[in-house]
Amino acid sequence: MKKYAALLLSLTVALSAGLTGCGGGNGNGSAGQSGEGSGLEGMELNLYTWDGMFPQEVLNGFEEQTGVKINYSNFDYDEDMLAKLEETKGGDYDFVIADDYILELINNEGLAQKLDTSRISNWDNINPVFQGQFYDPQDEFTVPYGAGIPLIVYDPALVDIDIKGYSDLWDASLEDNVALIANYRVINGITLKTMGESFNTNDLDTIQAAGDKLLELASNVRVINDSNTQDYLVSGEVAAAFLYTSQVFEALKAREDLEVVYPKEGLGFGIMAGFIPSDAPNADAAYAFVNYLLEPEVSAKCFEYIGYYCTNKAAEEYISDEMKEFIILPEDAAEGEIIQNISQEAEDLHSEIWNQFKNTCD
């Protein structure tokens with residue numbers, strides 16, 4: 001764990017101005033309208049996000065504090081959520097948490113309502129480094145709820161080379177010995193990075209060249225899996241893995257002997273954020289929930305649970321010393337590129353490349 005902490009502290013990151021939110025910023029705000037007599041008793045909150053995004057004690061605490069019943073629904077992919085929200089025209093759900101790139105589409109389609117920050121007394125607790133993003137430049141619609149930097153982790157006892165970047169995953173010594181997450185834009189993206197290109201290029205020839213190179217990686221890949229990918233590394237089934245932030249944390253928690261790599265070709269960076277749909281049936285409950293999540297001690301519990309970088313500045317002092325090593329972004333952060341929406345032609349080509357790559361790995 002100390003090894004990982006040292007790597008984090010040595011990272012000099014300057015997140016791009018927009019780089020995966022008025023009232024009291026002193027961290028002492030309450031959950032707004034909450035508790036007995038708040039007028040929320042008997043109301044429901046329809047929460048929609050991935051499974052396992054909140055510790056149960058946090059959900060229970062909100063219900064006890066407000067008298068609001070939480071209905072927790074989950075999706076597997078952002079695109080599924082978008083389709084559902086489009087179908088209901090921004091209705092059915094009261095608070096949704098999703099990834100940065102899909103939030104741009106949500107806002108462009110008018111499926112998120114503009115936030116009245118005067119109703120969120122804990123708004124100023126948000127760490128401004130996670131605000132002003134491409135999907136919400138004026139912070140009008142979204143509230144950050146975690147950020148991540150996917151990284152390479154490897155077992156030095158099983159690896160014969162000194163892994164420094166993405167390109168090392170192609171080394172012949174790693175044949176049938178690599179595990180990858182299953183996000184095709186990320187995996188295609190790190191291949192682009194090995195060529196000195198952007199995650200977000202729209203140049204079809206460049207994307208195809210990266211696709212050709214990605215196929216050369218297939219012989220080294222044993223596993224493509226999006227959930228608990230770290231288990232393959234921890235068990236010794238693979239020697240190296242490319243993992244989400246929360247998976248990096250779980251891997252190092254299980255085995256301190258593992259090595260973490262901040263790839264020399266450049267980092268990817270992602271932010272998850274929440275929004276209130278444009279026609280949310282219980283917007284009052286959603287506002288109360290947002291404010292509750294921004295309470296420093298509540299936020300600290302959430303971030304320790306999900307294992308992503310903490311986006312609530314006021315919560316940092318409540319995070320345990322052990323966890324601070326993993327989920328507090330250093331003061332200076334290494335510049336990371338966020339995956340953004342690209343042309344439909346480029347997106348279709350990425351999808352075609354990914355399907356070919358997966359079929360070759362099988």
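# Notebook: a predicted protein chain

**Entry 1. Overview.** I counted twelve helices and twelve strands in the protein chain. I note at the outset that the model is predicted. I then looked up burial and found that buried residues make up 58% of the 362 residues. The accessible surface of the chain comes to about 14,700 Å², and carbon and sulfur atoms account for 43% of that surface.

**Entry 2. Helix α10.** I turned to helix α10, which covers residues 296-306. Its buried residues are Pro 296, Val 298, Ser 299, Ala 300, Cys 302, Phe 303 and Ile 306. I recorded that these buried residues pack against several elements, including α2 (56-66), β4 (143-148) and α9 (283-293). Just after α10, I found Gly 307 with a positive phi of about 75°.

**Entry 3. Ile 187.** I located Ile 187 in helix α5, residues 184-194. Ile 187 and Trp 354 are 167 residues apart in sequence, yet their C-alpha atoms are 8.6 Å apart in space.

Entry 4. Side chains of opposite charge can pair when their charged atoms come close.

Lys 114 pairs with Glu 140, with the closest N and O atoms 3.2 Å apart. Both residues lie in the loop between α4 (100-108) and β4, so the pair ties together parts that are 26 residues apart in sequence. Lys 114 is exposed at 54% relative accessible area, whereas Glu 140 is partly exposed at 26%.

Arg 255 pairs with Asp 155 at 2.8 Å between the closest N and O atoms. Arg 255 is in the loop between α8 and β9 (259-261) and Asp 155 in the loop between β5 (151-154) and β6 (178-180), so this bridge ties together parts 100 residues apart in sequence. I found Arg 255 buried at 18% and Asp 155 buried at 5%.

Lys 253 and Glu 250 meet in a salt bridge of 3.4 Å, N to O. The two residues are three residues apart in helix α8, which means that about one helical turn separates them.

**Entry 5. Surface charge.** Which residues gather in a patch of negative charge on the surface? I recorded Asp 51, Asp 76, Glu 79 and Asp 80. Asp 76 lies in the loop between β2 (69-74) and α3 (78-87), and Asp 76 is exposed, with a relative accessible area of 60%.

Conventions. Residues are numbered from 1 along each chain as its sequence is written. This is a predicted model: local features need pLDDT of at least 70, side-chain atom pairs count only at pLDDT 80 or more; totals for chains, interfaces and linings use all residues. Side-chain values use heavy atoms; hydrogens and water are left out. Buried means under 20% relative accessible area, exposed over 50%, partly exposed in between (1.4 Å probe, protein chains only). Helices (H or I, at least four residues) and strands (E, at least two) are DSSP runs, numbered from the N terminus. Contact means heavy atoms within 4.5 Å. Patches are made of residues with over 30% relative accessible area and no salt bridge: like charges are joined within 9 Å, nonpolar side chains (Val, Leu, Ile, Met, Phe, Trp, Tyr) within 5 Å. Accessible areas come from the Shrake-Rupley method with a 1.4 Å probe; for residues, only the protein chains shown count as cover. A salt bridge is a side-chain nitrogen of Lys or Arg within 4 Å of a carboxyl oxygen of Asp or Glu. Lys and Arg count as positive and Asp and Glu as negative; His and the chain ends are not counted. The place of a charge is taken as NZ of Lys, CZ of Arg, CG of Asp or CD of Glu.
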